[in-house]
Each structure stands twice: as structure tokens, then as C-alpha cells.
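The sequence and the structure are shown first.

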Amino acid sequence: MIEEMGIMTFPEASVCWKKERSYVMQQHTKYPDKFLHRSIDKIGIGKGTWLITKKGMEHLTGKIEEQANKETWVVVVQQGTNIIDEKSCSSEAAAEELMKELVSKRVPESRVIQTINYTYLDHVNKRNYGVRLPGGVMIYCKQNA
């Protein structure tokens with residue numbers, strides 16, 4: 001019944017929109033004013049369980065679920081465990097180009113050519129391809145599951 005009403009937990013909604021599981025919670029923590037009025041609620045005591053409506057996710061991401069699922073690649077800018085930015089792309093080539101563009105904005109041009117080494121950041125799964133930058137920043141691209 002809840003599913004038919006378009007109500008999901010924050011992690012479920014994040015995954016449905018092809019985002020990291022913590023995406024909605026991170027957005028809520030950092031930018032609570034970004035959310036559609038009355039589209040979220042918490043149930044339970046203490047940490048509880050946060051819920052969001054389908055309309056709330058559409059408002060937050062600017063995309064309906066079907067659009068989000070068509071975009072197969074994502075470029076992530078992450079500092080420590082916090083995702084700073086995520087952008088979707090429709091191809092691997094577009095994702096790699098965007099990733100390199102974002103890196104070049106953060107690193108002086110002379111260093112980009114000489115010292116940037118793109119590699120798999122998760123050596124076991126070989127899913128997140130990108131670079132680690134000073135200050136704990138990672139910029140990488142990956143294919144959505």
C-alpha cells in the first residue's frame with residue numbers, strides 16, 4: 001500500500017533514482033530547504049526512518065524516476081564520505097570527459113598533464129574510475145547498476 005502511494009525510505013528513493021544510498025539523507029542534512037513542502041517525514045523514535053514521496057524525489061532531483069534510470073553513467077565528486085556533487089551522463093565517454101573537466105577545474109593546468117593518474121579507486125570491484133586529489137577529494141565516474 002505504501003509503495004502504491006509513492007512513499008519510500010530515503011535509501012530506497014536514492015537507489016530508485018540511481019544515486020548513492022546516502023544521497024537523499026545527505027541532501028536533507030545539508031540543504032533541507034531544497035525539499036518539497038510536506039514531501040518528507042520521519043517515523044519512529046530517535047534516528048527513526050525517514051520517508052519521502054515520489055513527487056518529493058522528482059522535485060529534489062528535477063527528474064522523474066524513468067528519466068533517472070535512462071542515464072547509465074554518473075560522475076561523483078566526493079570529499080571523505082560526503083558526496084558533494086553527482087551528475088548523470090548517457091555514455092561512458094561523456095562521463096570520462098566530464099570527470100576530467102571537473103578535475104582540471106580543481107588542479108592547476110600544469111599539474112593535470114604531469115601528475116594526474118586516473119585509476120580504479122575501489123581496486124576490488126573496479127567500479128569507481130577516477131582520481132584522488134589533495135584535501136580528501138575524489139572525482140570518479142561509474143556505471144549505474
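The sections below describe a sheet, the nonpolar cores and the aromatic residues.

The model is predicted. It contains an open sheet of five strands, in the order β5-β4-β8-β7-β6, with antiparallel pairing. The edge strands, β5 (82–89) and β6 (119–120), each pair on one side only. Helix α5, formed by residues 92–106, packs on the sheet and touches β4 (73–79), β5, β7 and β8. The direction of α5 makes about 175 degrees with that of β8.

Strands of a sheet pair through backbone hydrogen bonds, in either a parallel or an antiparallel sense.

## Strand β8 and its partners

On one side, β8 pairs with β4 in the antiparallel sense over seven bridges. In this pairing, Val76 has Tyr140 of β8 as its bridge partner.

Strand β7 (residues 129–133) pairs with β8 (residues 137–143), also in the antiparallel sense, over five bridges. Val131 stands opposite Ile139 in β8, and Leu133 has Val137 as its bridge partner in that strand.

In soluble globular proteins, nonpolar side chains tend to be buried together. The largest nonpolar core here has 17 residues, of which Val75, Val103, Ile116, Leu133 and Ile139 touch the most other members. At least two residues of this core come from each of β4, α5, β7 and β8. Helix α5 supplies the largest share, five residues.

Which residues does Val103 touch, not counting residues up to four places away in sequence? They are Ile116, Tyr118, Val131, Leu133 and Ile139. A second, separate core has 11 residues, including Met8, Tyr23, Met57 and Leu60.

## Aromatic pairs

Four aromatic pairs are counted in the model. In one of them, the rings of Phe10 and Phe35 have their centres 6.4 Å apart and their planes at 15 degrees, so the pair is stacked. Phe10 lies in helix α1 (residues 10–16), whereas Phe35 lies in the loop between α2 (23–30) and β2 (40–43); the pair thus links distant parts of the chain, 25 residues apart. Phe10 counts as buried at 2% relative accessibility, and Phe35 counts as buried at 9%. Together with Trp50, Phe10 and Phe35 form one aromatic cluster.

The rings of Tyr118 and Tyr129 are also stacked, because their centres are 6.4 Å apart and their planes are at 25 degrees. Tyr118 lies in the loop between α6 (109–115) and β6, and Tyr129 lies in strand β7, so this pair ties together parts that are 11 residues apart in sequence. Is each tyrosine buried or partly exposed? Tyr118 is buried, with a relative accessible area of 18%, whereas Tyr129 counts as partly exposed at 24% relative accessibility.

## Lysines over aromatic rings

Tyr118 also takes part in a contact of another kind: the charged end of Lys100 sits over its ring, 5.2 Å from the centre. Lys19 lies over the face of Tyr23, at 4.9 Å from the ring centre. Tyr23 is one of the residues of the second core.

Note on methods: Residues numbered from 1 in each chain as written. Predicted model: local features only at pLDDT ≥ 70, side-chain atom pairs only at ≥ 80, totals over all residues. Heavy atoms only, no water. Pairing = 2+ DSSP bridges. Helix = DSSP H or I, 4+ residues; strand = E, 2+ residues; numbered from the N terminus. Contact = heavy atoms within 4.5 Å. Axes fitted to C-alpha atoms, helices over the stretch in contact; angles between N-to-C directions. Core = buried A, V, L, I, M, F, W, Y, C linked by side-chain atoms within 4.5 Å. Buried < 20%, exposed > 50% of the residue type's maximum accessible area, 1.4 Å probe, protein only. Phe/Tyr/Trp six-rings, centres within 6.5 Å; stacked < 30°, edge-to-face > 60°. Lys NZ or Arg CZ within 6 Å of the ring centre and 35° of its normal.
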